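I opened this entry to look up two things.

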Amino acid sequence: MIAQSPASGNHTPVLLNAVVSSLVTSKTGIYVDGTFGKGGHTQALANALDEGATLVGIDQDASLLETFDQSGIAQSLHLVHANFENLDQALRAMGIQQVNGILYDLGLNSATLEDAERGFSFDRNGPLDMRFDQSQPLTAARVLNDYSEKALGKILFEYGEEKAARKMARAIVLRRESTSFKTTADLRAIVAELTPYKYLVKALSRVFQAIRIEVNHEFEALKTGLEKAVDLLVPGGRLAVISYHSLEDRIVKRYFQSQSLQPAPPEIQPYQNTVPGRIDIITRKPVVPDEEEVAQNPRARSAKLRVVERRS
Ligand SMILES: C[S@@+](CC[C@H](N)C(=O)[O-])C[C@H]1O[C@@H](n2cnc3c(N)ncnc32)[C@H](O)[C@@H]1O
């Protein structure tokens, strides 16, 4: 059965039971939800923890933190507007040096995706914004109107794995010579011009994903956020990460692998090249949702959960 979360609003939290059971190692510990969203995972953690535990919810989208109803949380809960790439600073500002568990549930929540004004959805016409954090200056419109053809091609290819990346970058630059990009419909029209109809939805997903990753420098933030999370865990503390596409998952998997082994000291080198590093990988294979969860929440379809534990 999938645990219910009353605080989740119109976003259904993914892999709730697996997250809570793998993350909670001390019922009175300090837990960080680094991607608070609608608070669904935080609420489920609160339900599993003793009243003496501490919860910290971080999100780079301030509007989500303002609307959360805290009445169902018995523990002390701190909500912080920050990017998890600055997790260390955010926690130190609260006097917290180490924590027992950290969750990153990557990407964006359903409410944000469905809000046309945020510009994330190719199905809804709205301004080309795509910022998670509305206080940041870079928008999707600026990327499309200001970046060079070469830079656009690289983004579409590397962050969207779009085969027609160079052709699309050329078309974007040609179009903006006469009319600048303002709305999601403008971007959709360019992709539609270059893509056979039966492949259109997949191409739109790739292109919108690529621009969103650039606007929010998502991969740099993820790499830094992973390093900082491992640094901040107590021995025996755990980090759980849910990713939703292969590029994100690869970053998580590679970082965990790199930290689970380290080069052996010279005296051991003749016998083995590596020794255990600072983390143990708890999920050899990523945990994925079962059929029941996918049927109830199609967005969970592509989710992959990886968990590690700090050794020392
Ligand atoms: C999939 S949603 C999380 C949903 C949440 N677990 C829930 O149950 O409601 C991802 C959230 O992470 C936030 N986010 C994405 N990248 C972030 C980052 N680098 N730092 C902080 N928040 C981030 C987004 O604004 C979004 O609200």
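I call a residue buried under 20% relative accessible area, exposed over 50%, and partly exposed in between, with a 1.4 Å probe and protein chains only. This is a predicted model, where local features need pLDDT of at least 70 and side-chain atom pairs count only at pLDDT 80 or more, while totals for chains, interfaces and linings use all residues. Residues are numbered from 1 along each chain as its sequence is written, and side-chain values use heavy atoms, with hydrogens and water left out.

**Loop residues**

I looked up His217 and found it in the loop between helix H10 (200-215) and helix H11 (218-232); helices here are DSSP runs of H or I with at least four residues, numbered from the N terminus. His217 is partly exposed, with a relative accessible area of 30%. Its phi is positive, near 35°, and the residue is not a glycine. I noted the background: most residues other than glycine have a negative phi.

I then went to the loop between H5 and H6, where Met130 lies. Met130 also has a positive phi, about 65°, without being a glycine. Its relative accessible area is 0%, so Met130 counts as buried.

Arg131 is in the loop between helix H5 (110-114) and helix H6 (140-146). At a relative accessible area of 14%, Arg131 is buried. I checked its polar contacts (pairs of N or O atoms within 3.5 Å; within protein, one must be able to donate a hydrogen and the other to accept it, and residues adjacent in sequence count only if both atoms are side-chain atoms). The Arg131 side chain reaches the backbone oxygen of Gln136 at 2.7 Å and that of Gln134 at 3.1 Å.

**Ligand**

I listed 24 residues around the ligand, of which Lys38, His41, Asp59, Phe84 and Asp105 come nearest; a residue is listed if one of its heavy atoms lies within 4 Å. By class, I have eight nonpolar, 11 polar and five charged residues in this shell, with Asp, Glu, Lys and Arg as charged, Ala, Val, Leu, Ile, Met, Phe, Trp, Tyr, Cys and Pro as nonpolar, and the others, Gly among them, as polar.

A ligand nitrogen is 2.9 Å from a polar backbone atom of Phe84. Another entry puts a ligand nitrogen 3.2 Å from an N or O atom in the Gln60 side chain. For Gly40, I have a polar backbone atom 3.2 Å from a ligand oxygen. The protein covers 98% of the 600 Å² of accessible area that the ligand has on its own, by the Shrake-Rupley method with a 1.4 Å probe.

Notes
Helix = DSSP H or I, 4+ residues; strand = E, 2+ residues; numbered from the N terminus.
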